[in-house]
Amino acid sequence: MTSQDDKRFLLGSTIIPIILVAIMWLVKIVETVFDLDFSFLGIKPMSAEGLPGILLFHFIHGDWHHLFANTVPILVLGSSLYYFYRPIANKILLILIFTTGLITWCMARSGVHIGASGLVYGLTFFLMLSGFIRRDRKLIIISLIVVFLYGSLVWGLYPKYAIENNISWEGHLAGFIMGIFLAFYFRKEGPQREEYIWEDEDDDNDDDNDSDDDSDSLSQKTAPNSPSPTPDARPYWDVPEPDKDELTVIYRFRKK
């Protein structure tokens, strides 16, 4: 892949995350400009009224600070997903969007749950674990970077800390569970560990083939019904003694 192709691939990896973030910002701008509140479209656990929130709650945020906190992670993690796991990225994203909402609807405490934090947790823990499972050096590096950047998200899984800060720890837990589950479930799809063929093995095979060829040629030379071997092929002790005339050196002197 040339540098130009790599740039195109990188830009292509940002399209879906940018669209998701753009929708979130558009929703918040509409709320602000028209003085509206879309929180009623969030998840209301175990309630028919809250069913639309299973898909919609990711795009609704309580305030601008809440939106800012989720914007950068979705851009970074989403772009990483589409860059390194392009063949399965759509599956991962759609499953996370649906299942994090569904789990939150099934198990969360009463109230209204909004925000894309569950999606952020799902992407984080998928990328964090998937690289180690696949044992690919490049993907492991990405996993370590994600651990470094977003490892502190684990505090959002602690109920007491989350409740005190009005955070839906249930949505975080849903993303955590699904991220780990999808990392294992799709471990055989998408990028895999590169396998190297060492040259030494090829050389050994070539040597074996050469030795086989030599043995075949020797067996052909020494076959019972084959003509007598040439002198070059006979051992040194079996070479006949040369004629004496061949060993005589004749000197010719020229008169001055």
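## Exposure and the overall picture

A residue counts as buried under 20% relative accessible area, as exposed over 50%, and as partly exposed in between. That scale will come up several times on this tour of a predicted model.

Let's start with the chain as a whole. The protein chain has 11 helices and 0 strands, so the pattern along the sequence is helix after helix, α-α-α-α-α-α-α-α-α-α-α. Of its 256 residues, 33% count as buried. The chain exposes about 17,100 Å², and carbon and sulfur atoms supply 61% of that area. Among contacts between residues at least 6 apart in sequence, 77% join residues at least 24 apart.

## The nonpolar core

The largest nonpolar core has 35 residues, and L81, Y85, I92 and F126 have the most contacts inside it. At least two residues of this core come from each of helix 2, helix 4 (64–84), helix 5 (86–107), helix 6 (117–134), helix 7 (137–150) and helix 9 (169–185). Helix 6 gives the largest share, 8 residues.

Setting aside neighbours within four places in sequence, I92 is in contact with L81, F126, L182 and F186. Two of these partners, L81 and F126, are themselves among the residues with the most contacts inside the core.

Two packed helices are described by the angle between their axes and the distance between the axes.

With helix 1 (residues 3–13), helix 4 packs at an angle of about 130°, and the axes are 8 Å apart. The contact is made by D6, F9, L10 and S13 of helix 1 with G78, S79, Y82 and Y83 of helix 4. The crossing of helix 1 and helix 4 is right-handed.

With helix 7, the axes come within 12 Å and cross at roughly 170°. This angle is over 145 degrees, so helix 4 is roughly antiparallel to helix 7. On the helix 4 side, V72, P73, V76, L77 and F84 meet K138, L139, I142, V146 and Y150 of helix 7.

## Two residues inside helices

G118 lies in helix 6. Its relative accessible area is 3%, which is under 20%, so G118 is buried. Leaving out neighbours within four places in sequence, G118 is in contact with T100, G171, H172 and G175. G118 and W169 are 51 residues apart in sequence, yet 8.7 Å apart in space, C-alpha to C-alpha.

I23 is found in helix 2 (residues 15–33).

Most residues other than glycine have a negative phi. Which loop residues are worth a look here, with a positive value? D35 has a phi near 55°, and R135 has a positive phi of about 55° although it is not a glycine.

D35 sits in the loop between helix 2 and helix 3 (53–56). At 70% relative accessibility, over the 50% cut-off, D35 counts as exposed. R135 lies in the loop between helix 6 and helix 7. Its relative accessible area is 55%, also over 50%, so R135 is exposed.

Note on methods:
Residues are numbered from 1 along each chain as its sequence is written. This is a predicted model: local features need pLDDT of at least 70, side-chain atom pairs count only at pLDDT 80 or more; totals for chains, interfaces and linings use all residues. Side-chain values use heavy atoms; hydrogens and water are left out. Helices (H or I, at least four residues) and strands (E, at least two) are DSSP runs, numbered from the N terminus. Buried means under 20% relative accessible area, exposed over 50%, partly exposed in between (1.4 Å probe, protein chains only). Contact means heavy atoms within 4.5 Å. Accessible areas come from the Shrake-Rupley method with a 1.4 Å probe; for residues, only the protein chains shown count as cover. A nonpolar core is a set of buried Ala, Val, Leu, Ile, Met, Phe, Trp, Tyr and Cys residues joined through side-chain atoms within 4.5 Å. Axes are lines fitted to C-alpha atoms, for helices over the stretch in contact, and angles run from 0 to 180 degrees between N-to-C directions. A crossing is left-handed if the near helix is turned anticlockwise from the far one by less than a right angle, and right-handed if clockwise. Angles under 35 degrees count as roughly parallel, over 145 as roughly antiparallel, 65 to 115 as roughly perpendicular and the rest as oblique.
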